[in-house]
Amino acid sequence: MNKKLRDNCFIRDMERSFDLSVPEMNRIMKDFGREMKKGLAGKNGSLKMLPAYVGRATGNEKGKFIALDLGGTNFRVLELELKGGGNFGAPKVMKFTIDKKHTAGRGEDLFDFIARCIKAFINEEHLNKEAGMKLGFTFSFPMDQKALAKGLLIRWTKGFSASGVKGKDVVGLLRKSLVKEGLGSLLVSALANDTVGTLVACSYREPICDVGIIIGTGTNACYLEKISEIKKLKGFSGLKGNMIINTEWGNFNRLKLTKYDAALDRASRNRGEQILEKMVSGMYLGEIVRLIIEDMAYLRNIDKGIIAPFRERGSFKTEYMSEIEGDTSPGLSIVKRVLKRAGADVSSAEDRNLLKKICAMVSRRGARLSASALAAVICKMDRALSRKHTVAMDGSLYEKHPAFAKNMKRALREIFGSKASRINIKLTKDGSGTGAAIIAAIAGS
Ligand code: GLC
């Protein structure tokens with residue numbers, strides 16, 4: 001078989017295995033719905049459905065708060081002033097990089113580092129640490145929340161593995177470290193997942209917001225559930241009406257894996273876990289592309305060209321996909337530049353085309369999977385999609401990728417037809433910071 005024919009066959013096979021038809025999306029929706037119910041009843045399943053002990057914002061929350069945002073390799077400290085009426089002032093922000101020593105070292109060191117960052121921020125901004133300032137903590141990992149300011153880490157995700165944190169109350173660990181730094185007067189009054197922060201932040205201005213999604217390094221969603229539906233919360237009388245549920249949808253696993261997904265999972269630190277996340281989010285999509293081109297290079301029996309710089313695991317970054325898929329220039333000059341930057345000095349137009357197709361296939365599947373999961377969440381609240389829903393969305397992949405949002409919306413139209421227009425996905429930047437402050441305000445009210 002000549003090379004061109006072989007490439008075409010390869011791509012056709014690949015497209016078939018990465019495609020997600022409408023019946024398949026419907027099947028996923030159904031399974032997802034079932035898993036949601038299991039999770040709400042406290043039964044074993046892939047969706048943890050974690051109560052967040054908070055509902056939507058009223059828009060009237062007021063005051064100055066410190067917000068902490070831990071969920072990836074950056075840690076941020078913010079000071080925010082909520083002015084009421086859905087308004088807030090420009091936040092003061094400081095960003096710190098968390099290196100491997102802390103993500104994969106001792107948990108105590110990680111929290112000590114966080115406390116030192118908070119101290120640096122307070123000093124820099126000349127804040128009065130004796131004032132009993134309230135602090136909202138966005139902690140974007142699965143946690144079993146016992147109250148608004150108490151949550152036990154279920155397990156790390158997104159490559160974190162700091163020891164001695166699993167099963168512990170992260171607010172307790174933070175408090176201990178704050179005391180060590182002489183910051184014992186700060187009051188950690190709220191703890192939230194980033195999706196929850198995003199939903200709450202959006203609802204501060206937009207009362208019909210009822211879903212929060214992150215599609216970035218990791219992926220997850222939360223939504224507003226009737227307390228009567230949260231069967232495992234028996235005996236809880238703290239809130240009437242609705243409560244936000246963090247689905248931890250990244251762990252959904254009733255999905256058909258390609259051999260590349262299986263290989264990625266096998267090589268991961270959290271094998272068998274976070275399967276949807278591994279097919280959707282920024283931490284993993286580039287690696288799926290890399291595994292495909294590695295395979296392709298093997299099949300075509302080439303050892304130079306586009307695979308040369310990408311022999312190492314993790315060397316093909318998801319960000320490249322955004323650049324590659326956004327390239328509409330004749331001859332794909334941007335793709336050429338990306339490859340050159342990575343170390344592939346020579347690339348043929350054929351190879352560049354192929355690479356663009358592969359990236360598009362992988363990201364499109366991620367978008368369609370996200371749409372199927374979102375459709376299931378919406379149907380859980382509103383089976384016939386009879387009212388409008390605002391979905392607060394944040395995350396670099398969704399925001400920066402040239403086709404992810406479009407593909408996700410297209411898939412929603414395929415699932416719901418014209419009713420899909422009732423779903424408004426609203427980019428809510430930095431919801432995890434603002435949301436944490438609003439939740440801290442709610443805690444104090
Ligand atoms: C991972 C975490 C989840 C978080 C998401 C987005 O899936 O487990 O808690 O919301 O990443 O940051």
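The radius of gyration used here is taken over C-alpha atoms, and the rule for a globule is 2.2 Å times the number of residues to the power 0.38. With 445 residues, a compact globule would have a radius of gyration near 22 Å, and the chain agrees with this, because its own value is 22 Å. This is a predicted model, in which local features need pLDDT of at least 70 and side-chain atom pairs count only at pLDDT 80 or more, while totals for chains, interfaces and linings use all residues. Residues are numbered from 1 along each chain as its sequence is written, and side-chain values use heavy atoms, with hydrogens and water left out.

Along its principal axes, the C-alpha trace of the chain spans about 75 × 50 × 40 Å. The chain holds 15 helices and 14 strands, where helices (H or I, at least four residues) and strands (E, at least two) are DSSP runs numbered from the N terminus. Of the 445 residues, 56% count as buried; buried means under 20% relative accessible area, exposed means over 50%, and partly exposed lies in between, with a 1.4 Å probe and protein chains only. A contact means heavy atoms within 4.5 Å, and among contacts between residues at least 6 apart in sequence, 71% join residues at least 24 apart.

The buried residues of H2 are Glu24, Met25, Ile28, Met29, Asp31, Phe32, Glu35, Met36, Gly39 and Leu40, and what covers them includes strand S11 (219-226), strand S12 (242-246), helix H12 (349-381) and helix H14 (404-416). H2 is followed by Gly42, whose phi is positive, near 80 degrees.

Helix H12, one of the elements covering H2, can be checked in the manner used above. The 33 residues of H12 should span 48 Å at 1.5 Å a residue, and its end C-alpha atoms are 48 Å apart, which agrees. H12 is mostly covered, with 25 of its 33 residues buried.

H2 and H12 each supply at least two residues to the lining of the second largest pocket. On a 1 Å grid over the protein atoms alone, a pocket is an open set of points with protein on both sides within 12 Å along at least five of seven lines, a cavity is a set of points where a 1.4 Å probe fits but cannot get out, and lining residues have an atom within 4 Å of a point. Grid points are joined across faces, edges and corners, and a volume is the space filled by probe spheres set on the points. The second largest pocket holds about 350 Å³ of space, and its lining consists of Asn26, Met29, Lys30, Gly33, Arg34, Lys37, Ala376, Cys379, Lys380 and Arg383. The largest share of this lining, six residues, comes from H2. By class the lining has three nonpolar, two polar and five charged residues, where Ala, Val, Leu, Ile, Met, Phe, Trp, Tyr, Cys and Pro count as nonpolar, Asp, Glu, Lys and Arg as charged, and the others, Gly among them, as polar.

The structure also holds two cavities of 30 Å³ or more. The largest cavity, with about 40 Å³ of space, is lined by Leu50, Pro51, Ala52, Met143, Gln145, Ala192, Asn193, Val196 and Asn246, a set of six nonpolar, three polar and no charged residues. The second largest cavity has a volume of about 30 Å³, and Leu257, Asp261, Asp265, Ile275, Lys278 and Met279 line it. Helix H7 (259-267) and helix H8 (275-280) each give two or more residues to that lining, which divides into three nonpolar, no polar and three charged residues.

The loop between S12 and H7 contains Asn253, which counts as partly exposed because its relative accessibility is 38%. Leaving aside residues up to four places away in sequence, Asn253 touches Ser46 and Ile275, and Ile275 is also one of the residues lining the second largest cavity. Glu248 is found in the loop between S12 and H7 as well; this residue has a positive phi of about 50 degrees although it is not a glycine, and it is buried, with a relative accessible area of 6%.

How values were computed:
The expected span of a helix is 1.5 Å times one less than its number of residues.
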